[in-house]
Amino acid sequence: VLFLQIVHILNMTSAKIVSFLLHPEESLHSLQNRIEFETGISTGNQELLLETGICLDPRKPASQCVIDGVRGWDSYMVYLFDKSKTVYDGPFASRSLSDCVNYIVQDSKIQLPIPQLRKVWAEAVHYVIGLKEDYSRLFQGQRAAMLSLLRYNANLIKMKNNMVSASQQLKAKLEFFHQSIRLDLERYSDQMAYGISSEKMLKAWKEMEEKASQCAQAEDIGYLDEQIMALHTEIVELQKSPYARRQGEVMESLEQRAIDLYKQLKTRPPDHAYSDSTDMVKIIVQTVQSQDRVLKELFGHLSKLLGCKQKIIDLLPEIEVALNNIKEADNSVMQMQGKRQREIWHLLKIACTQSSSRSLVSSSLEGTASTPAATWLPQSSSGNAAPHPLSSLAAPEDGESFADVIRENVNYLELFSSILQEVRQEQNSMMVS
């Protein structure tokens, strides 16, 4: 018997307790199937919470519902909620009266012998205590729902902070991108008249600017932020509500009065005296009325808790979508920035190539203009002497110098032709890209 594992499930939708004897190594899914058979709540809509507000882990066995040790094992509860419902229609009917207690409630002035009255009042006291314990269990279920809501809210705040941070980063990157592309377009326009131009590249840059403006829509998370802040305010108000605290003081005082009344009756000698049950019945009626009131408040508060929780569940996918949109926009901006920088460096390479080719051409032209002139100048021994008829012919060393100049110019011409061909190919590839 000591090794048996029994789990008690408090169905918050009906305020009834169902108990199950767990089989060795039984899975949670198996237990949920048994719960569905007993309560009618499908396994997909079952939410099983511990007192701490932690939801049971489907990967673990059903024995996670049972606490270790002997103390308190028979009073430990697991709270069952129906995820398809956010409004619980309490208050629910109180526990039924026993026959003898119902007898005195029907006629409180009936006279009964003291020994018999003791038995009836003992059951009446047990009934009053049971009403208070029923409320205490349901209050613990409401508290578990509140703790579960706070866990969901903590997750919501974490995701919201991630979303806000990502949105701010995207906003900063977009501002930097817009400023840099405006500057690039201005500088590009300034150099088009004497530098390099590409209509296709210019069009691509302007399309980048328009696409970046469209990416700015992803950073607009104001509507989600407003919903989260409103929901956070609602949760704080629920925490401050008096219904979030135990409301069983009246029932506890009635319980004590019933116990004191029974003790007074117990001290009376078991003689042939008779007495009625007016005082005890009055306590029973007041306890039932008090339970009806506090349960109505409890289930009204519980419905608000579950409504907030459902709002969080609905918001989480929207935040996830917003985060994905921000990440996609961020990646798109970074790709456009990288593409534009690569194109700028490509333009710089072409400009440097053209500049070096111009310098080579000018130096070669200067060399060809000076060397032949010096070679073909007439040789004279004095300024007034007439030139020798053969003095204009090239000497052997002059012929060697002239041949070197020709070979050098041919080399420069070949180099210049290859440079021009490379520039044309790069410009063509740039126009295509």
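The model is a predicted one, in which local features need pLDDT of at least 70, side-chain atom pairs count only at pLDDT 80 or more, and totals for chains, interfaces and linings use all residues. Residues are numbered from 1 along each chain as its sequence is written, and side-chain values use heavy atoms, with hydrogens and water left out. The chain has eight helices and six strands, where helices (H or I, at least four residues) and strands (E, at least two) are DSSP runs numbered from the N terminus.

**Overall layout**

- Of the 433 residues in the chain, 35% are buried; buried means under 20% relative accessible area, exposed over 50%, and partly exposed in between, with a 1.4 Å probe and protein chains only.
- Among contacts between residues at least 6 apart in sequence, 82% join residues at least 24 apart; a contact here means heavy atoms within 4.5 Å.

**Helix H3 against helix H4**

- Helix H3 (residues 114-191) and helix H4 (residues 199-215) have axes that come within 10 Å and cross at roughly 155 degrees. That angle makes H3 roughly antiparallel to H4.
- For reference, axes are lines fitted to C-alpha atoms, for helices over the stretch in contact, with angles from 0 to 180 degrees between N-to-C directions. Angles under 35 degrees count as roughly parallel, over 145 as roughly antiparallel, 65 to 115 as roughly perpendicular and the rest as oblique.
- The H3 and H4 crossing is left-handed, a term for a near helix turned anticlockwise from the far one by less than a right angle, with clockwise being right-handed.
- On the H3 side, the residues in contact include Leu170, Leu174, Phe177 and Tyr188, while the H4 side includes Met201, Leu202, Trp205 and Met208.
- The residues of this contact between H3 and H4 divide into twelve nonpolar, two polar and three charged. Ala, Val, Leu, Ile, Met, Phe, Trp, Tyr, Cys and Pro count as nonpolar, Asp, Glu, Lys and Arg as charged, and the others, Gly among them, as polar.

**Helix H3 against helix H5**

- H3 also meets helix H5 (residues 222-240), with axes that come within 11 Å and cross at roughly 155 degrees. H3 is therefore roughly antiparallel to H5.
- The crossing of H3 and H5 is left-handed.
- H3 contributes residues including Met146, Leu149, Asn153 and Lys160 to the contact, and among those from H5 are Leu224, Asp225, Ile228 and His232.
- Twelve nonpolar, three polar and two charged residues make up the contact of H3 with H5.

**Aromatic pairs**

- Two aromatic pairs are found in the structure. Rings of Phe, Tyr and Trp (its six-membered ring) pair if their centres lie within 6.5 Å, and planes under 30 degrees apart count as stacked, over 60 as edge-to-face and the rest as tilted.
- The rings of Phe81 and Tyr88 are stacked, because their centres are 6.5 Å apart and their planes are at 25 degrees.
- Phe81 is buried at 1% relative accessibility, and Tyr88 is buried at 5%.

**Residues that meet across the sequence**

- Thr86 sits in the loop between strand E4 (77-82) and helix H2 (99-106) and is partly exposed at 29% relative accessibility.
- Though 217 residues apart along the chain, Thr86 and Ser303 have C-alpha atoms separated by 5.7 Å. Leaving aside neighbours within four places in sequence, Thr86 is in contact with Ser303, Leu306, Gly307 and Gln310.
- His272, in the loop between helix H6 (249-267) and strand E6 (274-275), is exposed at 78% relative accessible area.
- Ile283 belongs to helix H7 (residues 278-375) and is buried at 2%. Beyond neighbours within four places in sequence, Ile283 is in contact with Val128, Leu254, Arg257, Ala258 and Leu261.

**Positive phi values**

- Most residues other than glycine have a negative phi.
- Ala15 has a positive phi near 60 degrees; this residue lies in the loop between strand E1 (6-11) and strand E2 (16-21) and is partly exposed at 28%.
- Glu25 also has a positive phi near 60 degrees; its place is the loop between E2 and helix H1 (28-39), and Glu25 is exposed at 75%.
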